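Look at the sequence and the model first.

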Amino acid sequence: MTQTPSLPEMIDAIAKTFMVAHADDSDAHLAQALVYNAGRLAWRMRDQGVNIEQKTSVSDVVTEADRAAERFVATVLQALRGEDGLVGEEGTSQESTSGRTWVIDPVDGTYNFSSGSDYWCSALALRDAEGTVLGAVHRPAMGYTWFGGRDYPTSLDGKEVTPLTDAPAEQLSLATYLHPTSIQDPDIRAAWQKVASGFATVRMLGAGSVDLSSVADGTWGAWMQHTVAEWDWLPGKALVEAAGGATKEISAGGVVWCLAGNKQAVKEMEQMLRG
């Protein structure tokens with residue numbers, strides 16, 4: 001009687017097959033292929049049904065698809081980029097001996113993902129001592145892959161996006177997120193309101209890397225959120241900067257806010273927070 005492979009065994013087999021095809025890839029090609037395949041893996045698993053677990057709250061959740069997608073990416077990188085460090089949202093950790101570290105977000109927007117929404121993605125960044133080298137984001141439901149970095153103009157499905165140009169906040173949309181507990185904090189709420197009230201409109205959709213990618217391609221005007229983990233920040237940060245935009249981290253209201261958008265809008269957002 002043939003024993004059915006466990007999920008980790010199946011993921012490892014998928015990773016081995018992937019590595020055969022991508023062993024000689026550049027960092028740029030490897031990053032894009034990894035987020036594409038990680039996102040598609042999670043999407044297929046969701047279609048088959050996944051278990052959902054709470055992490056810190058009812059809105060902070062994780063699924064077996066998150067863990068499977070992270071295992072896939074980490075397994076490939078450990079084999080093909082063994083000297084590089086790894087940091088993953090679901091616990092992957094490997095020290096770097098090369099000075100470079102890959103930052104993995106297997107499913108960004110897990111609450112959306114677990115609720116059946118299409119507003120989620122898989123994201124990956126590479127950083128070194130000088131900053132963020134590159135970022136790659138794949139949104140499976142739409143088939144989009146964004147990519148860009150220090151030496152790569154931001155692209156959407158291989159086509160360079162229109163570079164970001166200066167425009168005032170009052171003419172733009174703001175993509176953002178504020179957890180209910182932060183809304184209840186008067187200092188945080190006041191800092192957020194200073195910025196949000198300066199924009200033409202506000203969107204709160206719950207997947208930071210999709211938001212930031214959409215800022216980079218011009219869909220949204222700017223982005224802000226506080227206390228952002230590096231896996232939620234670095235992939236999109238790389239894309240915005242490589243599209244000619246700006247990013248900034250500013251302390252206000254007792255927390256650190258991450259800002260992204262065209263250079264004029266980010267400068268205005270900083271002034272709002274400091275005002």
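The report covers two helix pairs and then a single helix.

This is a predicted model. Two packed helices are described by the angle between their axes and the distance between the axes. The table gives both for two pairs.

| Pair | Axis distance | Angle |
|---|---|---|
| α1 (residues 7–22) and α3 (residues 64–80) | within 9 Å | roughly 45° |
| α2 (residues 27–48) and α3 | 9 Å | about 155° |

Start with α1 and α3. Their axes cross at roughly 45°. That makes α1 oblique to α3. The crossing of α1 past α3 is right-handed. On the α1 side, the contact residues include L7, I11, F18 and H22. On the α3 side, they include R71, F72 and T75. By class, this contact of α1 with α3 has 12 nonpolar, two polar and two charged residues.

Now take α2 and α3. They pack at an angle of about 155°. Angles over 145 degrees count as roughly antiparallel, so α2 is roughly antiparallel to α3. Here too, α2 passes α3 in a right-handed crossing. From α2, the contact residues include L30, N37 and M45. From α3, they include E64, F72, V73 and L77. By class, the contact of α2 with α3 has 14 nonpolar, one polar and one charged residues.

Last comes α8, which has 13 residues (residues 230–242). At 1.5 Å a residue, α8 should span 18 Å. Its end C-alpha atoms are 18 Å apart, which agrees. Buried residues of α8 include D232, W233, K237 and V240. After α8 comes G244, with a positive phi near 95°.

Conventions. Residues numbered from 1 in each chain as written. Predicted model: local features only at pLDDT ≥ 70, side-chain atom pairs only at ≥ 80, totals over all residues. Heavy atoms only, no water. Helix = DSSP H or I, 4+ residues; strand = E, 2+ residues; numbered from the N terminus. Expected span 1.5 Å × (residues − 1). Buried < 20%, exposed > 50% of the residue type's maximum accessible area, 1.4 Å probe, protein only. Axes fitted to C-alpha atoms, helices over the stretch in contact; angles between N-to-C directions. Parallel < 35°, antiparallel > 145°, perpendicular 65-115°, else oblique. Left-handed = near helix turned anticlockwise from the far one by under 90°. Contact = heavy atoms within 4.5 Å. Nonpolar A, V, L, I, M, F, W, Y, C, P; charged D, E, K, R; others polar.
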